[in-house]
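Dear colleague,

Please find the structure below, handed over for your records. A summary of the findings follows it.

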Amino acid sequence: MNDRCRKNYLFTSALFEGTDVREMEKLSLNARLKQYAKGEIIAHEGNKCTSIGVLLKGSVSMQKISSGGEFATIALLNEGDFFGEEIIYSSQNTYSATLEANTGALIASISKDYINVLMNENPVIKDNFLRVLSDRIRNQNRRIELLSQKTLREKIAYYLIDLYNQQRNENEEEITDKGICCESCEKNCNHRNMVIRKKVLLPVSKEVVAKYLAMPRPSFSRELIAMEKDNLIKVEGREIFLCDVARLEREIVEGLG
């Protein structure tokens, strides 16, 4: 990969948002790039962390694997995300989870020494680093709330509403239709009406989402079908339309009770 491509990819990461182009030129020369195939292990739990990894292309799962071979996905990383930042400065700088590529993935590794240089020379990168650490803590708290839901439906409802809140500006559609469920009257309208269709786009496959929700894939699929029958959602591939946001939110409240 040439230097221009390296810079373009690195600009996608929140860690380098607002960074000077000349700084990115130096960074691109100091970052080590590696391509991973789908299913390939990037780092095993217990491995020493010596660099921060920036995910330039693809998707990666962070997984906890038991001695019996069972595993749960504790986080999903997408393009622009990075990992190792909460470990590399720890007194126990070993990975607490296994990192596996969900798709083909391209990762840039930046050594701890060079990260120190960057943060000393560029306050923007230091601010970005602290902001992302704070976001990571917030995401972990949301993860705890998700797993505290008691039933499969409550977990799925929490995940979909959380995903909707992240994507709502880009995934709302205003359409003219009749016979579509309107939240205001909670029944099918017999007249044409302007309706905002609320939808989410799953960032990864349903199999990976099921792992993230700590449930078997067949159980996840069955519950999606049941939620469709109850007019809560409509599934079209990786697009899921939220037919009744209020009822989904009630599921969450009950699950936290």
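**The largest pocket**

Helix 4 is the element that gives the most to the lining of the largest pocket, with 10 residues; helices (H or I, at least four residues) and strands (E, at least two) are DSSP runs, numbered from the N terminus. Please note that this is a predicted model, in which local features need pLDDT of at least 70, side-chain atom pairs count only at pLDDT 80 or more, and totals for chains, interfaces and linings use all residues. Residues are numbered from 1 along each chain as its sequence is written, and side-chain values use heavy atoms, with hydrogens and water left out.

The largest pocket holds about 940 Å³ of space. On a 1 Å grid over the protein atoms alone, a pocket is an open set of points where a 1.4 Å probe fits, with protein on both sides within 12 Å along at least five of seven lines, and lining residues have an atom within 4 Å of a point. The volume is the space filled by probe spheres set on the points, which are joined across faces, edges and corners. Of the 27 lining residues, Leu76, Asp81, Asn139, Arg142 and Gln166 are the closest to the centre of the pocket. Strand 5 (71-77), helix 4 and helix 5 (152-171) each give two or more residues to this lining. By class, the lining has 13 nonpolar, 6 polar and 8 charged residues (Ala, Val, Leu, Ile, Met, Phe, Trp, Tyr, Cys and Pro count as nonpolar, Asp, Glu, Lys and Arg as charged, and the others, Gly among them, as polar).

Strand 2 pairs with strand 7 (residues 98-101) in the antiparallel sense over 2 bridges, and Ala43 stands opposite Leu99 in strand 7.

Another open sheet of 4 strands has the order 1-8-3-6, again with antiparallel pairing. Its edge strands are strand 1 (32-36) and strand 6 (82-83). Strand 3 (residues 51-57) is joined to strand 6 over 2 bridges, with Val54 opposite Phe82.

**Helix 3 and helix 4**

The contact (heavy atoms within 4.5 Å) between these helices is made by Leu118, Met119 and Glu121 of helix 3 and Pro123, Ile125, Lys126 and Phe129 of helix 4.

How values were computed: Two strands pair if DSSP finds at least two bridges between them.
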